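This report covers the overall dimensions of a protein and one of its sheets. Please read it beside the sequence and the structure.

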Amino acid sequence: MNTKTAAQIQVLLEERQLPEHARVVMSGNHAVPWRLLEIVDGTLPGYRLNALNAPRGLPRRDGVSYETSFVGPGMRGSVRLSYTPARLSQVPLLFSTTRPPDVLLLHVSAPRGGKVSLGTEVNILPAAIEACRARGGLILGQLNPQMPYTFGDGEYDVGLFDGLLDTDEALASPPTRGESAASAAESAALIGERVAARVADGATLQLGIGEVPDATLPGLSRRRRLGVWSEMFSDGILSLDAAGALDPDRLVVASFAFGSPELYRWLDGNERVIMRRTEVTNDPAQIARQPGMTSVNTALQIDLFGQANASRIGARIHSGFGGQTDFIVGALHSPGGQAIMALRSWHPKAQVSTIVPMLQEPTTSFQPTAVVTEQGVAEILGHDEKAQAAALIEHAAHPHARAYLWEEARRLGLT
(Lines give C-alpha, C1' and ligand atoms only; values in the text may rest on other atoms or scores of the structure.)
Protein backbone atom coordinates (compact mmCIF):
# COMPACT_ATOMS: atom_id res chain seq x y z
CA MET A 1 0.00 0.00 0.00
CA ASN A 2 1.36 3.39 -1.04
CA THR A 3 1.29 5.13 2.35
CA LYS A 4 3.47 8.20 2.73
CA THR A 5 4.46 10.71 5.38
CA ALA A 6 3.36 14.33 5.23
CA ALA A 7 6.85 15.26 4.00
CA GLN A 8 6.64 12.71 1.21
CA ILE A 9 3.20 14.04 0.16
CA GLN A 10 4.76 17.48 0.02
CA VAL A 11 7.53 16.19 -2.24
CA LEU A 12 4.92 14.63 -4.56
CA LEU A 13 3.21 18.01 -4.89
CA GLU A 14 6.50 19.81 -5.55
CA GLU A 15 7.74 17.31 -8.13
CA ARG A 16 4.52 17.17 -10.13
CA GLN A 17 5.16 20.62 -11.69
CA LEU A 18 1.58 21.71 -11.27
CA PRO A 19 0.25 24.79 -13.08
CA GLU A 20 0.53 28.13 -11.31
CA HIS A 21 -3.07 28.06 -10.09
CA ALA A 22 -3.71 24.33 -9.92
CA ARG A 23 -7.28 23.18 -9.43
CA VAL A 24 -7.48 21.15 -6.21
CA VAL A 25 -10.72 19.15 -5.90
CA MET A 26 -11.51 17.65 -2.52
CA SER A 27 -14.19 15.80 -0.61
CA GLY A 28 -16.74 18.33 0.62
CA ASN A 29 -19.62 18.51 3.08
CA HIS A 30 -18.42 17.05 6.39
CA ALA A 31 -15.77 14.78 4.83
CA VAL A 32 -13.01 17.32 4.19
CA PRO A 33 -9.54 15.68 4.35
CA TRP A 34 -8.17 18.42 6.60
CA ARG A 35 -4.66 17.02 7.01
CA LEU A 36 -4.13 16.72 3.25
CA LEU A 37 -5.52 20.21 2.73
CA GLU A 38 -3.09 21.54 5.32
CA ILE A 39 -0.17 19.97 3.42
CA VAL A 40 -1.36 21.37 0.09
CA ASP A 41 -1.83 24.82 1.59
CA GLY A 42 1.66 24.75 3.04
CA THR A 43 3.20 23.63 -0.26
CA LEU A 44 1.45 25.50 -3.08
CA PRO A 45 1.74 29.31 -3.18
CA GLY A 46 -1.55 29.55 -5.01
CA TYR A 47 -4.34 27.19 -6.03
CA ARG A 48 -8.07 26.96 -6.76
CA LEU A 49 -9.98 24.91 -4.21
CA ASN A 50 -13.06 23.12 -5.55
CA ALA A 51 -15.54 21.43 -3.18
CA LEU A 52 -19.27 21.13 -2.62
CA ASN A 53 -20.84 22.63 0.51
CA ALA A 54 -17.45 23.24 2.13
CA PRO A 55 -17.56 23.83 5.90
CA ARG A 56 -15.81 26.59 7.82
CA GLY A 57 -12.07 26.34 8.37
CA LEU A 58 -10.78 26.57 4.78
CA PRO A 59 -7.56 28.48 4.14
CA ARG A 60 -8.35 32.17 3.66
CA ARG A 61 -5.24 33.84 2.32
CA ASP A 62 -3.93 35.53 -0.79
CA GLY A 63 -3.32 32.98 -3.51
CA VAL A 64 -6.24 30.71 -2.54
CA SER A 65 -9.48 31.05 -4.48
CA TYR A 66 -12.66 28.97 -4.29
CA GLU A 67 -14.80 27.22 -6.89
CA THR A 68 -18.10 25.44 -6.34
CA SER A 69 -21.60 24.78 -7.62
CA PHE A 70 -23.00 24.60 -4.09
CA VAL A 71 -21.76 27.20 -1.61
CA GLY A 72 -21.15 26.08 1.96
CA PRO A 73 -20.32 28.15 5.05
CA GLY A 74 -16.59 27.94 4.35
CA MET A 75 -16.86 29.74 1.01
CA ARG A 76 -19.96 31.88 1.54
CA GLY A 77 -19.33 35.60 1.19
CA SER A 78 -15.74 35.28 -0.05
CA VAL A 79 -14.64 37.82 -2.65
CA ARG A 80 -12.49 35.06 -4.16
CA LEU A 81 -15.43 32.72 -4.80
CA SER A 82 -16.23 31.57 -8.34
CA TYR A 83 -19.75 30.11 -8.34
CA THR A 84 -20.76 27.94 -11.30
CA PRO A 85 -24.56 27.49 -11.50
CA ALA A 86 -25.41 23.86 -12.24
CA ARG A 87 -27.93 21.25 -11.26
CA LEU A 88 -26.15 18.70 -9.09
CA SER A 89 -26.68 15.99 -11.71
CA GLN A 90 -24.68 18.13 -14.16
CA VAL A 91 -21.77 19.04 -11.87
CA PRO A 92 -19.75 15.86 -12.67
CA LEU A 93 -19.61 16.93 -16.34
CA LEU A 94 -17.66 20.04 -15.36
CA PHE A 95 -14.59 17.98 -14.49
CA SER A 96 -14.22 16.79 -18.08
CA THR A 97 -15.09 20.19 -19.60
CA THR A 98 -14.61 23.55 -17.87
CA ARG A 99 -13.23 22.48 -14.45
CA PRO A 100 -10.54 19.81 -15.06
CA PRO A 101 -8.82 18.78 -11.81
CA ASP A 102 -5.06 18.84 -11.30
CA VAL A 103 -5.04 17.39 -7.76
CA LEU A 104 -7.61 15.32 -5.86
CA LEU A 105 -7.78 15.20 -2.06
CA LEU A 106 -10.00 12.32 -0.95
CA HIS A 107 -11.02 11.26 2.55
CA VAL A 108 -11.20 7.46 2.52
CA SER A 109 -11.73 4.49 4.81
CA ALA A 110 -9.11 2.04 5.98
CA PRO A 111 -8.47 -0.69 3.35
CA ARG A 112 -10.57 -3.84 3.19
CA GLY A 113 -9.52 -6.55 0.77
CA GLY A 114 -7.20 -4.18 -1.07
CA LYS A 115 -9.83 -1.49 -1.50
CA VAL A 116 -10.74 1.74 0.25
CA SER A 117 -14.11 3.47 0.26
CA LEU A 118 -15.05 7.12 -0.15
CA GLY A 119 -17.41 6.39 2.72
CA THR A 120 -19.82 9.19 3.48
CA GLU A 121 -18.93 11.32 0.44
CA VAL A 122 -19.23 9.63 -2.96
CA ASN A 123 -21.21 12.38 -4.65
CA ILE A 124 -19.37 13.99 -7.62
CA LEU A 125 -15.99 12.45 -6.72
CA PRO A 126 -16.02 9.40 -9.07
CA ALA A 127 -16.28 11.78 -12.04
CA ALA A 128 -13.45 13.87 -10.60
CA ILE A 129 -11.31 10.74 -10.18
CA GLU A 130 -11.88 9.69 -13.80
CA ALA A 131 -11.10 13.17 -15.15
CA CYS A 132 -8.00 13.57 -12.98
CA ARG A 133 -6.65 10.14 -13.92
CA ALA A 134 -7.30 10.78 -17.64
CA ARG A 135 -5.17 13.93 -17.61
CA GLY A 136 -2.41 12.54 -15.41
CA GLY A 137 -3.30 14.49 -12.31
CA LEU A 138 -2.28 13.73 -8.74
CA ILE A 139 -4.67 11.62 -6.62
CA LEU A 140 -4.09 11.68 -2.87
CA GLY A 141 -6.03 9.94 -0.14
CA GLN A 142 -6.33 10.56 3.58
CA LEU A 143 -6.77 7.14 5.17
CA ASN A 144 -8.94 7.21 8.25
CA PRO A 145 -10.19 4.12 10.11
CA GLN A 146 -13.07 6.23 11.44
CA MET A 147 -14.42 6.81 7.93
CA PRO A 148 -17.13 4.17 7.41
CA TYR A 149 -16.64 1.69 4.62
CA THR A 150 -19.67 2.00 2.34
CA PHE A 151 -20.42 -0.11 -0.69
CA GLY A 152 -21.16 1.05 -4.22
CA ASP A 153 -19.52 3.52 -6.57
CA GLY A 154 -17.02 4.79 -4.01
CA GLU A 155 -14.90 1.64 -3.69
CA TYR A 156 -11.41 1.88 -5.21
CA ASP A 157 -8.25 -0.21 -5.32
CA VAL A 158 -5.51 1.27 -3.18
CA GLY A 159 -3.33 1.31 -6.32
CA LEU A 160 -5.38 4.21 -7.69
CA PHE A 161 -3.67 6.64 -5.32
CA ASP A 162 -0.34 8.37 -5.88
CA GLY A 163 -0.06 8.72 -2.13
CA LEU A 164 -2.03 7.75 0.98
CA LEU A 165 -1.62 9.56 4.28
CA ASP A 166 -2.44 7.65 7.49
CA THR A 167 -4.62 9.52 9.98
CA ASP A 168 -7.03 8.58 12.75
CA GLU A 169 -9.54 11.28 13.60
CA ALA A 170 -13.25 11.57 14.26
CA LEU A 171 -15.41 12.62 11.34
CA ALA A 172 -17.02 16.01 11.55
CA SER A 173 -20.70 16.23 12.38
CA PRO A 174 -23.05 19.11 11.52
CA PRO A 175 -23.17 21.74 14.26
CA THR A 176 -26.01 21.23 16.70
CA ARG A 177 -28.78 23.74 16.18
CA GLY A 178 -29.41 26.13 19.02
CA GLU A 179 -32.60 25.87 20.97
CA SER A 180 -35.34 27.14 18.69
CA ALA A 181 -38.00 29.45 19.95
CA ALA A 182 -41.08 27.52 21.00
CA SER A 183 -43.16 28.98 18.17
CA ALA A 184 -40.51 28.08 15.57
CA ALA A 185 -40.24 24.51 16.86
CA GLU A 186 -44.02 24.18 16.89
CA SER A 187 -44.35 25.46 13.33
CA ALA A 188 -41.68 23.05 12.09
CA ALA A 189 -43.44 20.16 13.80
CA LEU A 190 -46.77 21.18 12.29
CA ILE A 191 -45.26 21.37 8.80
CA GLY A 192 -43.70 17.97 9.34
CA GLU A 193 -47.02 16.45 10.32
CA ARG A 194 -48.70 17.84 7.23
CA VAL A 195 -45.98 16.56 4.93
CA ALA A 196 -45.94 13.12 6.55
CA ALA A 197 -49.71 12.85 6.14
CA ARG A 198 -49.22 12.97 2.36
CA VAL A 199 -46.77 10.05 2.32
CA ALA A 200 -48.23 6.59 1.78
CA ASP A 201 -46.88 3.21 2.83
CA GLY A 202 -44.43 1.94 0.21
CA ALA A 203 -43.41 5.41 -0.97
CA THR A 204 -39.82 6.34 -1.82
CA LEU A 205 -38.32 9.28 0.04
CA GLN A 206 -35.93 12.11 -0.73
CA LEU A 207 -35.57 14.54 2.14
CA GLY A 208 -33.52 17.70 1.81
CA ILE A 209 -31.37 19.28 4.50
CA GLY A 210 -32.85 21.36 7.29
CA GLU A 211 -35.10 21.58 10.30
CA VAL A 212 -38.35 21.41 8.35
CA PRO A 213 -37.52 18.20 6.41
CA ASP A 214 -36.24 16.72 9.69
CA ALA A 215 -39.56 17.50 11.34
CA THR A 216 -41.28 15.20 8.85
CA LEU A 217 -39.59 12.12 10.30
CA PRO A 218 -41.74 11.51 13.40
CA GLY A 219 -44.83 11.12 11.22
CA LEU A 220 -42.99 8.97 8.71
CA SER A 221 -41.92 6.54 11.43
CA ARG A 222 -45.52 5.26 11.45
CA ARG A 223 -45.32 4.30 7.77
CA ARG A 224 -44.20 0.90 6.49
CA ARG A 225 -42.20 -0.40 3.51
CA LEU A 226 -40.64 2.99 2.80
CA GLY A 227 -37.77 3.22 0.36
CA VAL A 228 -35.02 5.84 0.27
CA TRP A 229 -33.60 7.20 -2.98
CA SER A 230 -31.94 10.47 -2.13
CA GLU A 231 -28.86 12.51 -2.90
CA MET A 232 -28.17 12.50 0.85
CA PHE A 233 -29.46 11.48 4.25
CA SER A 234 -28.64 12.21 7.86
CA ASP A 235 -29.62 10.89 11.29
CA GLY A 236 -33.29 10.68 10.37
CA ILE A 237 -32.57 7.37 8.64
CA LEU A 238 -31.73 5.89 12.05
CA SER A 239 -35.16 6.68 13.50
CA LEU A 240 -36.92 5.30 10.43
CA ASP A 241 -34.86 2.11 10.65
CA ALA A 242 -35.46 1.73 14.39
CA ALA A 243 -39.21 2.22 13.91
CA GLY A 244 -39.41 -0.51 11.27
CA ALA A 245 -40.54 2.00 8.64
CA LEU A 246 -37.98 1.01 6.01
CA ASP A 247 -38.63 -1.76 3.51
CA PRO A 248 -36.15 -4.54 4.39
CA ASP A 249 -36.14 -5.71 0.77
CA ARG A 250 -35.07 -2.35 -0.71
CA LEU A 251 -31.60 -0.86 -0.58
CA VAL A 252 -31.14 2.61 0.83
CA VAL A 253 -29.63 4.53 -2.10
CA ALA A 254 -27.84 7.85 -1.66
CA SER A 255 -24.76 9.75 -2.78
CA PHE A 256 -23.51 11.28 0.46
CA ALA A 257 -24.37 11.38 4.14
CA PHE A 258 -23.43 13.26 7.27
CA GLY A 259 -24.59 13.26 10.85
CA SER A 260 -23.72 11.91 14.26
CA PRO A 261 -21.08 9.33 15.21
CA GLU A 262 -23.98 6.91 15.63
CA LEU A 263 -24.91 7.38 11.97
CA TYR A 264 -21.31 6.74 10.89
CA ARG A 265 -21.22 3.51 12.93
CA TRP A 266 -24.52 2.41 11.34
CA LEU A 267 -23.13 3.05 7.87
CA ASP A 268 -19.89 1.12 8.31
CA GLY A 269 -20.13 -2.10 6.31
CA ASN A 270 -23.93 -1.84 6.14
CA GLU A 271 -24.99 -3.98 3.18
CA ARG A 272 -28.46 -2.40 3.16
CA VAL A 273 -26.93 0.91 2.02
CA ILE A 274 -25.41 1.56 -1.40
CA MET A 275 -23.70 4.85 -2.21
CA ARG A 276 -24.01 5.81 -5.86
CA ARG A 277 -22.37 8.56 -7.86
CA THR A 278 -24.36 11.74 -8.43
CA GLU A 279 -25.03 10.91 -12.07
CA VAL A 280 -27.13 7.96 -10.82
CA THR A 281 -28.87 9.30 -7.72
CA ASN A 282 -29.77 12.64 -9.30
CA ASP A 283 -30.72 11.42 -12.75
CA PRO A 284 -34.37 12.50 -13.15
CA ALA A 285 -35.09 9.39 -15.23
CA GLN A 286 -33.78 7.13 -12.45
CA ILE A 287 -35.70 9.12 -9.83
CA ALA A 288 -38.88 8.78 -11.87
CA ARG A 289 -38.58 4.97 -11.79
CA GLN A 290 -38.92 4.90 -7.99
CA PRO A 291 -42.45 4.02 -6.82
CA GLY A 292 -44.33 6.84 -5.13
CA MET A 293 -41.23 9.07 -5.26
CA THR A 294 -41.80 11.82 -2.70
CA SER A 295 -39.36 14.70 -2.79
CA VAL A 296 -39.39 17.06 0.21
CA ASN A 297 -37.34 20.23 -0.11
CA THR A 298 -37.40 23.74 1.25
CA ALA A 299 -36.87 27.27 -0.07
CA LEU A 300 -36.10 30.79 1.05
CA GLN A 301 -39.10 32.20 -0.87
CA ILE A 302 -41.98 31.02 -3.03
CA ASP A 303 -43.97 33.40 -5.17
CA LEU A 304 -47.56 33.43 -6.41
CA PHE A 305 -46.48 31.85 -9.71
CA GLY A 306 -45.19 28.75 -7.90
CA GLN A 307 -41.55 29.71 -8.36
CA ALA A 308 -39.07 28.94 -5.58
CA ASN A 309 -35.84 30.66 -4.62
CA ALA A 310 -33.63 28.36 -2.59
CA SER A 311 -30.30 29.79 -3.71
CA ARG A 312 -29.89 33.55 -3.31
CA ILE A 313 -30.36 36.34 -0.77
CA GLY A 314 -30.25 39.89 -2.06
CA ALA A 315 -29.03 38.56 -5.44
CA ARG A 316 -25.90 37.15 -3.73
CA ILE A 317 -25.39 33.42 -3.93
CA HIS A 318 -26.22 31.67 -0.64
CA SER A 319 -26.08 28.00 -1.65
CA GLY A 320 -26.97 26.77 -5.16
CA PHE A 321 -29.38 24.60 -7.10
CA GLY A 322 -28.19 21.43 -5.42
CA GLY A 323 -30.38 18.48 -6.32
CA GLN A 324 -33.69 20.26 -5.84
CA THR A 325 -34.42 20.66 -9.55
CA ASP A 326 -33.36 17.07 -10.31
CA PHE A 327 -35.68 15.61 -7.70
CA ILE A 328 -38.66 17.84 -8.41
CA VAL A 329 -38.63 16.81 -12.08
CA GLY A 330 -38.02 13.14 -11.26
CA ALA A 331 -40.67 12.95 -8.56
CA LEU A 332 -43.32 14.56 -10.75
CA HIS A 333 -42.76 11.83 -13.35
CA SER A 334 -42.81 8.96 -10.84
CA PRO A 335 -45.94 6.78 -10.63
CA GLY A 336 -47.79 8.23 -7.64
CA GLY A 337 -44.93 10.66 -7.03
CA GLN A 338 -45.07 14.16 -5.65
CA ALA A 339 -42.68 17.08 -5.13
CA ILE A 340 -43.34 19.00 -1.94
CA MET A 341 -41.90 22.37 -0.95
CA ALA A 342 -41.99 22.74 2.84
CA LEU A 343 -41.13 25.99 4.60
CA ARG A 344 -42.30 28.37 7.31
CA SER A 345 -44.69 31.08 6.17
CA TRP A 346 -42.74 33.77 8.02
CA HIS A 347 -38.97 34.22 8.13
CA PRO A 348 -38.16 34.37 11.86
CA LYS A 349 -34.95 36.42 11.54
CA ALA A 350 -35.84 38.81 8.72
CA GLN A 351 -39.44 39.13 9.94
CA VAL A 352 -40.84 38.93 6.42
CA SER A 353 -43.22 36.66 4.58
CA THR A 354 -41.65 33.74 2.73
CA ILE A 355 -44.60 33.78 0.31
CA VAL A 356 -43.97 36.78 -1.95
CA PRO A 357 -45.86 38.26 -4.93
CA MET A 358 -43.10 37.65 -7.48
CA LEU A 359 -39.49 36.57 -7.02
CA GLN A 360 -36.89 39.31 -7.29
CA GLU A 361 -34.14 36.67 -7.10
CA PRO A 362 -33.22 34.08 -9.76
CA THR A 363 -35.51 31.06 -9.66
CA THR A 364 -34.13 27.77 -8.34
CA SER A 365 -37.14 25.60 -9.21
CA PHE A 366 -40.83 25.93 -10.00
CA GLN A 367 -44.19 24.18 -10.02
CA PRO A 368 -43.99 21.60 -7.22
CA THR A 369 -46.94 19.39 -6.38
CA ALA A 370 -47.76 21.36 -3.24
CA VAL A 371 -46.41 23.99 -0.88
CA VAL A 372 -46.68 23.20 2.83
CA THR A 373 -46.28 25.69 5.67
CA GLU A 374 -47.48 25.73 9.27
CA GLN A 375 -50.57 27.58 7.95
CA GLY A 376 -51.69 24.75 5.67
CA VAL A 377 -51.24 23.07 2.30
CA ALA A 378 -51.44 24.92 -1.02
CA GLU A 379 -52.08 22.52 -3.90
CA ILE A 380 -50.18 23.63 -7.02
CA LEU A 381 -50.01 20.86 -9.60
CA GLY A 382 -52.87 20.81 -12.11
CA HIS A 383 -54.47 24.09 -11.02
CA ASP A 384 -54.55 27.25 -13.12
CA GLU A 385 -52.38 30.19 -12.10
CA LYS A 386 -55.19 32.06 -10.38
CA ALA A 387 -56.14 29.03 -8.30
CA GLN A 388 -52.49 28.48 -7.45
CA ALA A 389 -52.09 32.07 -6.26
CA ALA A 390 -55.29 31.89 -4.20
CA ALA A 391 -54.20 28.64 -2.57
CA LEU A 392 -50.78 30.06 -1.70
CA ILE A 393 -52.32 33.17 -0.14
CA GLU A 394 -55.12 31.47 1.79
CA HIS A 395 -53.45 28.21 2.80
CA ALA A 396 -49.68 28.82 2.87
CA ALA A 397 -49.05 32.51 3.56
CA HIS A 398 -48.89 34.02 7.04
CA PRO A 399 -52.10 35.93 7.97
CA HIS A 400 -50.07 39.14 8.38
CA ALA A 401 -49.09 38.99 4.70
CA ARG A 402 -52.39 37.98 3.10
CA ALA A 403 -53.91 41.44 2.50
CA TYR A 404 -50.73 42.64 0.80
CA LEU A 405 -50.48 39.44 -1.26
CA TRP A 406 -54.08 39.78 -2.45
CA GLU A 407 -53.37 43.38 -3.49
CA GLU A 408 -50.29 42.29 -5.41
CA ALA A 409 -52.15 39.35 -6.94
CA ARG A 410 -54.69 41.79 -8.41
CA ARG A 411 -51.86 43.94 -9.78
CA LEU A 412 -50.28 40.84 -11.40
CA GLY A 413 -53.57 39.73 -12.97
CA LEU A 414 -53.86 36.68 -10.70
CA THR A 415 -57.40 37.34 -9.47
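What does the accessible surface of the protein come to, and what share of it belongs to carbon and sulfur atoms? The surface comes to about 16,900 Å², and 51% of it belongs to carbon and sulfur atoms (Shrake-Rupley method, 1.4 Å probe).

The model is predicted: local features need pLDDT of at least 70 and side-chain atom pairs pLDDT 80 or more, while totals for chains, interfaces and linings use all residues. Residues are numbered from 1 along each chain as its sequence is written, and side-chain values use heavy atoms, without hydrogens and water.

| Property of the protein | Value |
|---|---|
| C-alpha span along principal axes | about 70 × 45 × 40 Å |
| Radius of gyration | 22 Å |

The radius of gyration (over C-alpha atoms; globule rule 2.2 Å times the number of residues to the power 0.38) agrees with a compact globule, because 415 residues would give a value near 22 Å. Buried residues (under 20% relative accessible area, 1.4 Å probe, protein chains only) make up 56% of the 415.

The protein has 14 helices and 29 strands (DSSP runs: helices H or I, at least four residues; strands E, at least two). An open sheet holds 8 strands in the order β1-β11-β8-β6-β2-β3-β4-β5, with parallel pairing (at least two DSSP bridges between two strands). β1 (3–4) and β5 (81–83) are at its edges with a single partner strand each, so one side of each has no neighbour in the sheet.

Within this sheet, β6 (residues 103–108) runs parallel to β8 (residues 138–143), joined by 6 bridges. Leu106 is opposite Gly141 in β8.

Note on methods. Buried means under 20% relative accessible area, exposed over 50%, partly exposed in between (1.4 Å probe, protein chains only).
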